[in-house]
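Here are a few friendly notes to read with the model open beside you.

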Protein chains: 2
Amino acid sequence: MQKAIFYHAGCPVCVNAEKMVLDYLDDSKVDLEIVHFEENPSRINEAEEAGVKSVPALVLNGQTYHINYGASMEDVKKD
Amino acid sequence: MQKAIFYHAGCPVCVNAEKMVLDYLDDSKVDLEIVHFEENPSRINEAEEAGVKSVPALVLNGQTYHINYGASMEDVKKD
């Protein structure tokens, strides 16, 4: 089982992408955690260290996949 | 079963994202087609009409998800 973390900030672009990963990622292969920065601002550092430059982003198997474009990490930190 | 199309242009960013969708999209829910523009340039118009602005991109359930950033559609057309 591969651990995956989906980072988002609650914007409409994020919510749309969250629905896609929840609906269509294979949950027999992926253990998905959703991290919302407004609820968990302490996770911002960890996300940046994983290479997250904007949200929404999916970190999976050592890779960061930025999906569309909701907000930069700088915008997230200002919120 | 939801039809999905992954568009790419063979760049390293595309190949990496292709591996992710092949490995982790739930193939019990998603019927995935891979379209490589160098092999199928006639599919470029269809992709643009679906809202694809850069590759790699995944069109799924009426939405276009741009994953990271490989090349703009203008770059794809110039190749």
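1. Start with Glu18(B), which sits in helix α1 of chain B; helices here are DSSP runs of H or I with at least four residues, strands are runs of E with at least two, and both are numbered from the N terminus. This is a predicted model, where local features need pLDDT of at least 70, side-chain atom pairs count only at pLDDT 80 or more, and totals for chains, interfaces and linings use all residues. Residues are numbered from 1 along each chain as its sequence is written, chains are lettered from A and ligands numbered from 1 in the order in which they are written, and side-chain values use heavy atoms, with hydrogens and water left out.

2. What is around that glutamate? Glu18(B) is buried yet has no salt bridge, and the nearest side chain of opposite charge, Lys19(B), is 10 Å away. Buried means under 20% relative accessible area, exposed over 50% and partly exposed in between, with a 1.4 Å probe and protein chains only. A salt bridge needs a side-chain nitrogen of Lys or Arg within 4 Å of a carboxyl oxygen of Asp or Glu; for charge, Lys and Arg count as positive, Asp and Glu as negative, and His and the chain ends are not counted. Leaving out residues up to four places away in sequence, Glu18(B) touches Phe6(B), His8(B) and Ile34(B), contact being heavy atoms within 4.5 Å.

3. Next, have a look at the aromatic rings. Two aromatic pairs occur over all chains. The ring centres of Tyr7(A) and Phe37(A) are 5.6 Å apart and their planes at 15 degrees, so this pair is stacked. Rings of Phe, Tyr and Trp (its six-membered ring) pair if their centres lie within 6.5 Å; planes under 30 degrees apart count as stacked, over 60 as edge-to-face and the rest as tilted. Tyr7(A) belongs to strand β1 of chain A and Phe37(A) to the loop between β2 (30-36) and α2 (44-49) of chain A, 30 residues apart. Both Tyr7(A) and Phe37(A) are buried.

4. Finally, how are the chains related? A rotation of 180 degrees with 0.0 Å of shift along its axis superposes chain A on chain B, with an RMSD of 0.0 Å; copies are superposed by least squares on the C-alpha atoms of residues with pLDDT of at least 70 in both. That is the relation of a two-fold axis. In chain A, the C-alpha nearest the axis belongs to Asp26(A), 2.0 Å from it.
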